[in-house]
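Please open the model in your viewer and keep the selection tool at hand. The tour moves from one selection to the next and says what is there each time.

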Amino acid sequence: MAHEGGVGLILLAAGKASRFGGNKMSASLAGRPLLSWAMEACGESGIARKVLVVREDSALDPPKGWQVVVNTRAEEGQSTSIRAGVDALRKCSRIVIALGDMPFVTAAHLTRLAEGKGTVFTRYPDGRRGCPAAFPPETYGALMSITGDKGAASLDLPGAQAIAPTDGGPGRMLADIDTAADLARLSPAAEESLDPPEAPHGPVAMAAVMPHPRFERE
């Protein structure tokens, strides 16, 4: 298969959110839907092809420029969302995978992953590797083979690298929201980061961002 579609991005937003109590992606963080924070960073990354993976019962309404992929097997775990996203972007020359519940990931970090070579994970302060991460075409088969509630970090991919964030402070930038307590804990930092705050015009609406030409086609 030819991989001529440039860089693509998958934003995962189909989790059960059982620890949160449901409807996590639409929960308000500093007056904005939680998902809108990650979507904004994705939009500003310059990656032209963006896929949002959602559940069947999702009411999320992304802005123009996003392809929505409905994961009908979301109950089986994160692997099914990864597979759905990779299948939608299988012609891309590189795929970046990000999580919808990580509000402080920066566009610069996503761009760095998109511009990398080979498999590149994000390195966490405790040494773990995880999302966001980027993958070349030769790993797509492995990504499609993941099962259960596992992520791409569960794979043993030859030559995989891990890079630490160089902006935003890794402790905060890599924070994710699993519970309502997490949301409350991170709300002050979110309030401080709004400069100026903008009210969304819909569930996850935000200003359109023009893609960087280097990510449109390679």
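How many of the eleven residues of α1 are buried? Nine of the eleven are buried, and α1 is thus mostly covered, where buried means under 20% relative accessible area, exposed means over 50% and partly exposed lies in between, with a 1.4 Å probe and protein chains only.

Before going further, note that this is a predicted model, in which local features need pLDDT of at least 70 and side-chain atom pairs count only at pLDDT 80 or more, while totals for chains, interfaces and linings use all residues. Residues are numbered from 1 along each chain as its sequence is written, and side-chain values use heavy atoms, with hydrogens and water left out.

**The whole chain**

With everything displayed, colour by secondary structure: the protein has six helices and nine strands, which are DSSP runs numbered from the N terminus (H or I of at least four residues for helices, E of at least two for strands). Of the 218 residues in the protein, 51% are buried. Among contacts between residues at least 6 apart in sequence, 71% join residues at least 24 apart, a contact being heavy atoms within 4.5 Å. The accessible surface, by the Shrake-Rupley method with a 1.4 Å probe, comes to about 10200 Å², and 50% of it belongs to carbon and sulfur atoms.

**Helix α1 and the cavity**

Select α1 (34-44), and then its buried residues, which are L34, L35, S36, W37, A38, M39, A41, C42 and G43. Just after this helix, G46 takes a positive phi of about 90°.

Rolling a probe the size of a water molecule over the atoms shows where empty space is left. On a 1 Å grid over the protein atoms alone, a cavity is a set of points where a 1.4 Å probe fits but cannot get out, and lining residues have an atom within 4 Å of a point. Grid points are joined across faces, edges and corners, and a volume is the space filled by probe spheres set on the points. A search of the whole structure finds one cavity of 30 Å³ or more, and the space in the largest cavity is about 30 Å³. To see its lining, select L11, A38, C42, A98, L99, M102, V105 and L110; α1 and β6 (94-99) are the elements that give two or more residues to it. By class this lining has eight nonpolar residues, no polar and no charged, with Ala, Val, Leu, Ile, Met, Phe, Trp, Tyr, Cys and Pro counted as nonpolar, Asp, Glu, Lys and Arg as charged, and the others, Gly among them, as polar.

**The nonpolar cores**

Now return to L11, which together with L143 has the most contacts inside the largest nonpolar core, a group of 54 residues. Such a core is a set of buried Ala, Val, Leu, Ile, Met, Phe, Trp, Tyr and Cys residues joined through side-chain atoms within 4.5 Å. The largest share of this core, six residues, comes from β1. A second, separate core has 15 residues, including A17, W37, L183 and L186.

Leaving aside neighbours within four places in sequence, L143 is in contact with I82, R83, V86, F135, A152 and L155. If you draw a distance from L143 to L157, 14 residues along the chain, the C-alpha atoms are separated by 9.9 Å.

**Helix α2**

Which residues of α2 are buried? They are S79, T80, S81, I82, R83, A84, G85, V86 and A88; these are nine of its eleven residues, so α2 is largely enclosed by the rest of the structure. The buried residues of α2 pack against β1, β4 (49-55), β5 (66-71), β6 and α4 (140-144). One to select is S79, which counts as buried because its relative accessibility is 0%; not counting residues up to four places away in sequence, S79 touches I146, T147, G148 and K150.

**The largest pocket**

Last, turn to the largest pocket, which holds about 1100 Å³ of space; a pocket is an open set of points with protein on both sides within 12 Å along at least five of seven lines. Of the 41 residues that line it, G15, K16, A17, K24 and D101 are the closest to its centre. The elements that give two or more residues to this lining are β1 (7-13), α2 (78-88) and β8 (129-135), and β8 provides the largest share, three residues. By class the lining has 16 nonpolar, twelve polar and 13 charged residues.
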